[in-house]
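Colleague: I have a model open and would like to go through it with you. Could you start with the terms you use?

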Amino acid sequence: MGTHVIKMPDIGEGIAEVELSVWHVKVGDLVVEDQVLADVMTDKAMVDIPSPVHGKVISLGGEPGEVMAVGSILISIEVEGAGNAKDAPAVAEPVKAAPAPVVEAKPAPVVAAQPVAKPAAAPVAREADERPLASPAVRKHALDAGIQLRLVQGSGPAGRILHEDLEAFLLQGPAKNSATANPYAERNTEEQIPVIGMRRKIAQRMQDATRRAAHFSYVEEIDVTALDELRVHLNEKHGATRGKLTLLPFIVRAMVVALRDFPQINARYDDEAQVITRLGAVHVGVATQSDIGLMVPVVRHAEARSLWGNAEEIARLATAARNGKASRDELSGSTITLTSLGALGGIVSTPVLNLPEVAIVGVNRIVERPMVIKGQIVIRKMMNLSSSFDHRVVDGMDAAQFIQAIRGLLEQPASLFLE
């Protein structure tokens with residue numbers, strides 16, 4: 001038997017160090033070639049580290065949240081044959097084995113003994129509207145098993161609920177699963193959650209953006225009655241063959257058209273070099289919520305795509321982001337960002353800029369309200385755009401005129417397609 005040492009790989013783009021985000025294995029696990037061992041976080045994306053060999057894990061080179069240099073020892077695996085340890089520096093002291101994998105294992109063939117069941121945790125009493133962290137597969141598992149996820153204690157990072165947590169919950173039996181039996185019982189539990197991985201990157205970027213940019217927000221209401229009628233008509237006529245349209249591709253189209261007259265808003269600002277770069281290409285970042293936090297996949301060259309082309313790309317990227325499959329290229333290079341909370345969009349928001357961009361367009365929810373039109377009170381579908389700009393680069397008048405241009409295009413949707 002020999003030892004195969006896997007070092008932190010060079011991920012490219014001049015990255016010298018990365019953060020170890022999640023282990024998918026523990027000491028003693030048997031692994032196979034191409035099985036994902038760990039996830040590491042760069043400045044832009046989460047990257048899977050697969051195993052190049054079959055073998056048994058004998059040591060881990062770091063803990064989740066640790067920043068590791070490229071070339072440092074990531075993991076050591078016992079293999080048949082000589083291995084490669086003779087070409088590597090001494091193996092780091094093994095990290096103590098965790099009682100269970102820290103996150104839900106990604107699908108991969110695993111040559112391992114039957115797992116030992118971990119002790120069942122006490123049911124958790126979350127608020128009724130609290131959404132616990134869990135993957136779509138785990139949510140379906142819970143739905144099929146009739147389990148309320150808010151009652152389950154998660155053992156993954158940041159309290160993420162795993163498949164084994166559901167199994168442990170079921171083993172407790174109905175008597176112990178009745179956390180709702182006394183909804184007025186005192187709650188004295190505390191939980192400390194380390195800020196690592198994607199959550200740490202999000203926190204750093206948000207803090208950096210609010211510290212460096214001179215944010216100001218501008219809110220305008222838009223009558224989207226005609227736009228929504230057009231959307232419904234197009235879906236009825238072409239939805240079966242071209243796919244269903246949401247409002248987002250219409251808003252992307254309005255941004256593309258409006259930016260022709262406001263190139264200073266489709267820009268990036270390098271505040272260290274004191275250089276503004278205006279771009280002809282409109283690469284729209286679409287803020288997307290995933291189980292690991294907010295991600296911004298990029299619809300590249302939105303100006304060159306049709307309405308359905310943008311709709312298809314938005315859907316594809318959102319799915320990739322939510323499933324953790326978006327590549328680094330798909331998560332970088334945006335020139336302006338669009339953010340929406342959908343039905344939870346509220347009345348007004350103050351979105352934070354996605355540096356080095358100088359503008360972000362925020363979509364609030366659609367509500368029906370009585371409006372006065374030509375002296376008559378009528379019910380219209382109204383929606384606010386809550387957008388933020390970097391006042392170091394964008395003047396208030398330009399920002400207001402840009403949003404007003406978008407408003408005009410959306411309220412007269414035929415103008416979106418006139419050249």
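Modeller: Helices (H or I, at least four residues) and strands (E, at least two) are DSSP runs, numbered from the N terminus, and two strands pair if DSSP finds at least two bridges between them. This is a predicted model, in which local features need pLDDT of at least 70 and side-chain atom pairs count only at pLDDT 80 or more, while totals for chains, interfaces and linings use all residues. Residues are numbered from 1 along each chain as its sequence is written, and side-chain values use heavy atoms, with hydrogens and water left out.

Colleague: What partner does threonine 339 have in β17?

Modeller: The bridge partner of threonine 339 there is glycine 362; β16 (residues 336-340) and β17 (residues 359-373) run parallel and are joined by four bridges.

Colleague: And what order do the strands of that open sheet have?

Modeller: The six strands run β9-β18-β17-β16-β12-β15, with mixed pairing, and the edges are β9 (215-223) and β15 (298-299), each pairing on one side only.

Colleague: Switching to side chains, how many aromatic pairs are there?

Modeller: Counting rings of Phe, Tyr and Trp (its six-membered ring) with centres within 6.5 Å, where planes under 30 degrees apart are stacked, over 60 edge-to-face and the rest tilted, there are two aromatic pairs. One of them joins phenylalanine 262 and phenylalanine 402, whose centres are 6.0 Å apart with planes at 70°, so this pair is edge-to-face.

Colleague: Where do phenylalanine 262 and phenylalanine 402 lie?

Modeller: Phenylalanine 262 is in the loop between α6 (248-259) and β10 (267-270) and phenylalanine 402 is in helix α8 (residues 396-411), so the pair ties together parts 140 residues apart in sequence.
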